[in-house]
Amino acid sequence: MIEFRHVSFAYETGYPVLQDVSFTIQEHESVGLIGANGAGKSTVMKLILGLLFPSEGEVYVHGIRVSKATLADVRKMCGFVLQNSDSQMFMPTVKEDLLFGPLNYGMSRKEAEEKADAVLEQLQITALKERYNHRISGGEKRMAAIASVLTMEPSVILMDEPTSALDPYNRRQIIQVIRSLSVTKVLTSHDLDMILDTCQRVILIGNGTVQADGPASAILRDQKLLEANRLELPLSLQKPVL
Amino acid sequence: MNKAEYTLREFYEMDELADRRSPVHRFSALSKLAVTVVYLFVVVSFDRYDLTGVLAMALYPYLLFAMSGLTFGMCIHKMRYILPLLIFAGIFNPFLDRNVWFVIGSVSVSKGWLSLAVLIVKAVCTVSAVFLLIGTTKIDAICGALRRIHVPSMLVTLILLTYRYMSVLTEEVAVMTDAYHLRAPRQKGIDVSAWGSFLGQLILRSMDRARELYASMLLRGYTGEFPAEKQKGDSRSLIHALVWCSVFLLLRFVPVIRIIGTLVTGGKV
Ligand SMILES: Nc1ncnc2c1ncn2[C@@H]1O[C@H](COP(=O)(O)OP(=O)(O)OP(=O)(O)O)[C@@H](O)[C@H]1O
Ligand SMILES: [Mg+2]
């Protein structure tokens with residue numbers, strides 16, 4: 001469960017990014033955070049993970065208030081796929097990156113390797129296992145980054161633009177994987193078709209506040225609302241022009 | 001590929017070297033770290049005129065290059081920026097230290113030449129030893145070993161981050177120089193007027209990247225501790241460490257080369 005209670009945040013004083021944002025995400029829910037560039041989606045994710053702290057209000061994860069003192073507990077529950085995969089992978093090889101999390105949380109090497117193999121299999125990227133992180137493509141890196149998060153079996157998964165940079169096949173692959181996960185999921189994306197495919201609920205952020213919060217099928221059909229927030233109907237819901 | 005990218009590639013290649021397989025790679029990081037540290041101390045401790053003494057110490061890198069599949073050439077290539085500095089530091093010795101070493105005909109060779117030679121041998125030996133350590137051991141294994149000998153975790157994290165940060169920094173340089181040259185195709189270097197903003201941007205960007213990297217380490221449970229490496233054949237590593245450390249001490253306190261020389265020539269020189 002993730003809860004925002006009257007959260008405000010600003011990177012620089014005088015330029016608020018979020019103002020009085022409140023919402024609650026239940027366990028096992030999958031929620032799409034949408035909004036224009038710079039609306040504050042990544043910021044919301046960083047607040048959940050305690051990479052940033054609200055200037056006002058509180059953030060709770062599974063009932064624990066996110067603060068300096070609770071960081072370790074909160075982060076243990078959360079897996080985060082960063083918008084920039086280059087920053088996510090820091091070990092020399094993909095395999096070692098996948099092992100890093102599980103080993104840190106006390107899994108034996110053998111268990112961790114089995115886990116890594118299973119995840120690679122699940123994402124169909126076993127071929128990347130022994131590759132060096134600096135020698136794989138952007139999209140491959142993204143797949144590997146997602147794998148590195150899945151190996152940790154988090155109970156909350158946060159993905160910032162998981163499908164950007166992916167080719168259509170890998171995009172479908174990721175959508176399948178996201179759908180198959182039964183944990184709490186929060187995704188951001190400008191790929192609204194992906195959101196429609198994977199999320200029951202959508203939170204639309206704009207002008208620093210929650211503009212809309214409700215079932216994905218309703219919000220993503222609301223052309224006026226979307227366009228007011230610099231978004232468009234998902235392709236699959238657009239009427240054919242011809 | 002621009003210059004920065006080339007450097008970057010070389011930097012990453014150290015990781016790849018460390019990922020090879022050889023008897024030396026298989027020794028535990030702790031044993032290699034210990035051997036290297038003892039070696040460095042012993043080499044540095046030789047008297048500045050004791051050329052035969054330090055020469056004997058070259059035995060260690062010589063054998064390890066052979067065993068690990070790395071070559072001395074690679075080492076010199078990677079360390080090419082450091083060596084000239086060392087030679088520069090010693091180049092004045094022959095002129096400052098004019099005590100006579102030996103005389104050929106009417107030319108007397110000063111002891112300064114001897115100490116320059118010792119300095120160069122010492123430099124080559126220590127640089128090779130460090131290269132052999134990082135070329136056969138992964139950085140996280142080295143950090144783990146440092147933790148095991150109770151080096152403060154703050155310091156170890158710093159080493160690890162510096163290592164990662166260097167690659168982040170060079171990556172940013174590579175991207176930024178490319179971006180610059182794409183928009184200033186006729187220029188050779190980067191114009192002086194742009195240096196300030198270029199540097200400022202570079203620092204900000206690489207700090208941001210480093211912060212994200214560190215965050216993603218934290219998010220995957222990094223606490224400054226390293227999961228203990230489990231390696232089989234730890235008795236072999238132990239023997240490796242013990243044998244080498246004894247050899248170093250022997251070479252340090254017994255003038256082996258001189259004794260061999262005396263035996264071979266019957267002490268008639
Ligand atoms: N480190 C920072 N310092 C100052 N301002 C920042 C910083 N990071 C982001 N911002 C600002 O905060 C606002 C929200 O940024 P955020 O990254 O959360 O947007 P986003 O919704 O994720 O956008 P995108 O769709 O482009 O990823 C933006 O206006 C941005 O300019
Ligand atoms: Mg973002």
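Chain B has 14 helices and two strands. Here helices (H or I, at least four residues) and strands (E, at least two) are DSSP runs, numbered from the N terminus. This is a predicted model, in which local features need pLDDT of at least 70, side-chain atom pairs count only at pLDDT 80 or more, and totals for chains, interfaces and linings use all residues. Residues are numbered from 1 along each chain as its sequence is written, chains are lettered from A and ligands numbered from 1 in the order in which they are written, and side-chain values use heavy atoms, with hydrogens and water left out.

Stay with chain B for its overall form. Its C-alpha trace spans about 70 × 50 × 30 Å along the principal axes. The radius of gyration is 23 Å, whereas a compact globule of 269 residues would have one near 18 Å. That radius is taken over C-alpha atoms, and the globule rule is 2.2 Å times the number of residues to the power 0.38. Of the 269 residues of chain B, 42% count as buried. Buried means under 20% relative accessible area, exposed means over 50%, and partly exposed lies in between (1.4 Å probe, protein chains only).

The surface of chain B comes next. Chain B carries 29 positive and 19 negative side chains, and the centres of the two sets lie 6 Å apart. Lys and Arg count as positive and Asp and Glu as negative, while His and the chain ends are not counted. The place of a charge is NZ of Lys, CZ of Arg, CG of Asp or CD of Glu.

Now turn to chain A. It has nine helices and 10 strands. Its radius of gyration is 18 Å, close to the 18 Å from the globule rule for 242 residues, so chain A is as compact as a globular protein of that length. The C-alpha trace of chain A spans about 55 × 50 × 30 Å along its principal axes. Of its 242 residues, 56% count as buried. The accessible surface of chain A is about 10,700 Å², with 50% belonging to carbon and sulfur atoms. Its 25 positive and 29 negative charges have mean positions 1 Å apart.

Which residues of chain A hold the magnesium ion (ligand 2) as protein donors? They are Ser42(A), through OG, and Gln83(A), through OE1, at 1.9 to 2.4 Å from the ion. Ser42(A) lies in helix α1 (residues 41-49) and Gln83(A) in the loop between β6 (78-81) and α3 (94-104), so the pair ties together parts 41 residues apart in sequence. Donors are N, O and S atoms within 2.8 Å of the metal (3.2 Å for Na, K and Ca); water is not among the atoms, so sites may look incomplete. Gln83(A) is partly exposed, at 42% relative accessible area.

Look along α1(A) itself. Seven of its nine residues are buried, so α1(A) is largely enclosed by the rest of the structure. Among them are Val44(A), Leu47(A) and Ile48(A). Gly50(A) follows the helix, with a positive phi near 70°.

Val7(A) sits in strand β1 (residues 2-12). It is buried, at 0% relative accessibility.

Conventions: Accessible areas come from the Shrake-Rupley method with a 1.4 Å probe; for residues, only the protein chains shown count as cover.
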